[in-house]
Amino acid sequence: MPNQESENASTLTPEQRLTPASFDVLRACIVTIPDVETVRECVAYENAHQNREPILHLLAQQAAKVRDES
């Protein structure tokens, strides 16, 4: 049976992942990204809306982690 937390994490939109006011919550939303495609969607969203360098750096780290795990 699939892990419900994993399913919920993968159904968040880039906007939902990247708009929490708390940096800790935002970081948690990023580190639960399960695949590179979702990371790409989040990078595109971030570039179009806020373009925050620290967030883009976290997204790059998550992309590398996901690639290493596959």
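Mentor: With axes: they are lines fitted to C-alpha atoms, for helices over the stretch in contact, and angles run from 0 to 180 degrees between N-to-C directions. Helices (H or I, at least four residues) and strands (E, at least two) are DSSP runs, numbered from the N terminus. This is a predicted model, where local features need pLDDT of at least 70, side-chain atom pairs count only at pLDDT 80 or more, and totals for chains, interfaces and linings use all residues. Residues are numbered from 1 along each chain as its sequence is written, and side-chain values use heavy atoms, with hydrogens and water left out.

Trainee: How many helices and strands are there in the protein chain?

Mentor: Five helices and zero strands. From the N terminus, the order is α-α-α-α-α.

Trainee: At roughly what angle do the axes of H4 and H5 cross?

Mentor: Two packed helices are described by the angle between their axes and the distance between the axes. The H4 and H5 axes come within 9 Å and cross at roughly 170°. Angles under 35 degrees count as roughly parallel, over 145 as roughly antiparallel, 65 to 115 as roughly perpendicular, and the rest as oblique. H4 and H5 are therefore roughly antiparallel.

Trainee: Which residues make the contact?

Mentor: Contact means heavy atoms within 4.5 Å. H4 brings Val 36, Val 39, Cys 42, Val 43, Glu 46 and Asn 47. H5 brings Ile 55, Leu 56, Leu 59, Gln 62, Ala 63, Val 66 and Arg 67. By class, that contact has nine nonpolar, two polar and two charged residues. The classes: Ala, Val, Leu, Ile, Met, Phe, Trp, Tyr, Cys and Pro are nonpolar, Asp, Glu, Lys and Arg are charged, and the others, Gly among them, are polar.

Trainee: Now H3 and H5. Are they roughly parallel or roughly antiparallel?

Mentor: Their axes come within 9 Å and cross at roughly 30°. That makes H3 roughly parallel to H5. From H3, the contact uses Phe 23, Leu 26, Arg 27, Ile 30 and Val 31. From H5, Ile 55, Leu 58, Leu 59, Gln 62 and Lys 65 take part. The contact of H3 with H5 divides into seven nonpolar, one polar and two charged residues.

Trainee: What makes up the largest nonpolar core?

Mentor: In soluble globular proteins, nonpolar side chains tend to be buried together. A nonpolar core is a set of buried Ala, Val, Leu, Ile, Met, Phe, Trp, Tyr and Cys residues joined through side-chain atoms within 4.5 Å. The largest one here has twelve residues: Leu 18, Leu 26, Ile 30, Ile 33, Val 39, Cys 42, Tyr 45, Ile 55, Leu 56, Leu 58, Leu 59 and Ala 63. The largest share, five residues, comes from H5. Take Ile 55: leaving aside neighbours within four places in sequence, it contacts Leu 18, Phe 23, Leu 26, Ile 30 and Glu 46.

Trainee: Ala 63 and Ala 64 both lie in H5. Is Ala 63 buried or exposed?

Mentor: Buried means under 20% relative accessible area, exposed over 50%, and partly exposed in between (1.4 Å probe, protein chains only). Ala 63 has 6% relative accessibility, so it counts as buried. Beyond its neighbours within four places in sequence, Ala 63 touches Val 36 and Val 39. Ala 64 has 32%, so it counts as partly exposed. Its C-alpha is 10.0 Å from that of Val 39, 25 residues apart along the chain.

Trainee: And Arg 17: buried or exposed?

Mentor: Arg 17, in H2 (residues 14-18), counts as buried because its relative accessibility is 0%. Across the protein chain, 31% of the 70 residues are buried.

Trainee: What is phi of Asn 51 near?

Mentor: Most residues other than glycine have a negative phi. Asn 51 has phi near 55°, a positive value in a residue other than glycine. Asn 51 sits in the loop between H4 and H5. At 46% relative accessibility, Asn 51 counts as partly exposed.
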